[in-house]
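Welcome! Try each task yourself before you read its solution.

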Amino acid sequence: MLRMENVNALYGKSHILFDFSIRVDEGELITLLGRNGAGKSTTLSTILGLVPNVDGVIEFNGASLVGMPTHQIAGMGICLIPEQRDIFQILTVEENLQLSIKKGGRWQMSDIYRLFPRLGERKKNGGGQLSGGEQQMLAMARALLNDPKILLCDEPSEGLAPVIVQEIVSTLKEIKDSGIPILLVEQNLKVCEKLADRHYIVEQGKVLHEFKSEDFFTREAIAAKEKYLSV
Ligand SMILES: Nc1ncnc2c1ncn2[C@@H]1O[C@H](COP(=O)(O)OP(=O)(O)O)[C@@H](O)[C@H]1O
Ligand SMILES: [Mg+2]
């Protein structure tokens, strides 16, 4: 459904992605793994049309995204949950959610409060009063209210306590089980191992390895993890 084929992406003269090829098929959860600076966030920005200089193929359900303005890409249902979570600090949780509701979408407010009971408890709290984990949940909830066809999720577990990471993992699993494909950037290998159908290992803007989840503990995969993921 989402496919990048031999994509090169540059910020000005800085060449960041090199002949980059990945795909996310219907119903899959795919992880992009790699060290800081490997080009993972740039990959998500490139899909969203936020990187100025791109060539190669980027297709969503057969439609080319290269050169398309970001609002139009988002309008196709490609939804980015950025690393910094981007919630409105001065609005309440409920107001943050209401702003994201898309008419006719399949996720209703009641679904959101069932999936994220903490957000129900914090309804009247300001976005700025939430913990890091609650902010991440709010960012995910907002994305769902927008009725995404695919979620691009940038390091959702970053900086969160282990029990909150567990909650994020089970929520991602529920979202995947509801049929929404997910492209997940993640440094936390445990999170990836629990969730993913396939993994791509990225280094210096290149895809070096692809592993199916059942091949992620082979000798070759362990060697790649040791070499490129500092485990
Ligand atoms: N807006 C930008 N302008 C120029 N260079 C950038 C920009 N954003 C990221 N980069 C560079 O692109 C490379 C990949 O960064 P990034 O995609 O953020 O890596 P990751 O998400 O894997 O940590 C880094 O060398 C970074 O300095
Ligand atoms: Mg990043």
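**Exercise 1. A loop residue**

In which loop is N146 found? Work out, too, whether N146 counts as buried, exposed or partly exposed.

*Solution.* Keep in mind throughout that this is a predicted model.

Step 1: Look between α6 (132-145) and β7 (150-154); the loop there holds N146.

Step 2: Count neighbours. N146 has 17 C-beta neighbours inside 10 Å. A residue needs 20 or more to be buried and 12 or fewer to be exposed, so N146 counts as partly exposed.

Step 3: Look for contacts. Leaving aside residues up to four places away in sequence, N146 touches C79, S100 and K102.

Step 4: Compare sequence and space. N146 and V169 are 23 residues apart in sequence, and their C-alpha atoms are 20 Å apart in space.

**Exercise 2. The helix before that loop**

Find how many residues of α6 are buried, and check the span of this helix.

*Solution.* Step 1: Take the length. α6 has 14 residues, which at 1.5 Å a residue should span 20 Å. The C-alpha atoms at its ends are 20 Å apart, so the two values agree.

Step 1: Go through the burial. Of the 14 residues, 12 are buried, so α6 is largely enclosed by the rest of the structure. Among them are E134, M137, L138, R142 and L145.

Step 2: The buried residues of α6 pack against β6 (78-81), α3 (93-100), α4 (109-115), α5 (117-121), β7 and α7.

Step 3: Look just past the end. D147 follows α6 and has a positive phi, near 60 degrees.

Step 4: Repeat the check on another helix. α7 (residues 162-177) has 16 residues, and its first and last C-alpha atoms are 22 Å apart, close to the 22 Å expected at 1.5 Å a residue. G179 follows α7, with a positive phi near 105 degrees.

**Exercise 3. Another set of strands**

Does β3 (residues 29-33) pair with β9 (residues 198-203) in the parallel or the antiparallel sense?

*Solution.* Step 1: Read the directions. β3 and β9 pair in the parallel sense over 4 bridges, with L32 and Y200 as bridge partners.

Step 1: Move on to β10. β9 and β10 (residues 206-212) pair in the antiparallel sense over 6 bridges, and H199 stands opposite F211.

Step 2: Inspect the turn. The hairpin of β9 and β10 has 2 residues between its strands, and Q204 in the turn has a positive phi of about 50 degrees. Q204 is partly exposed, because 14 other C-beta atoms lie within 10 Å.

Step 3: Find a further positive phi. R85, a residue other than glycine, has a phi near 70 degrees and lies in the loop between β6 and α3. With 19 other C-beta atoms within 10 Å, R85 is partly exposed.

**Exercise 4. Around the ligand**

Which helix gives the most to the shell around ligand 1?

*Solution.* Step 1: List the surroundings. The residues around ligand 1 include Y11, S14, N36, K40 and T42.

Step 1: Assign them to elements. β2 (14-24) and α1 (40-47) each supply at least two residues of the shell, and α1 gives the most, with 3 residues.

Step 2: Sort by class. The shell has 3 nonpolar, 7 polar and 1 charged residues.

Note on methods:
Residues are numbered from 1 along each chain as its sequence is written. Chains are lettered from A and ligands numbered from 1 in the order in which they are written. This is a predicted model: local features need pLDDT of at least 70, side-chain atom pairs count only at pLDDT 80 or more; totals for chains, interfaces and linings use all residues. A residue is near a molecule or strand if its C-beta atom, placed from the backbone, lies within 6 Å of it. Ala, Val, Leu, Ile, Met, Phe, Trp, Tyr, Cys and Pro count as nonpolar, Asp, Glu, Lys and Arg as charged, and the others, Gly among them, as polar. The expected span of a helix is 1.5 Å times one less than its number of residues. Two residues are in contact if their C-beta atoms, placed from the backbone, lie within 7 Å. Two strands pair if DSSP finds at least two bridges between them.
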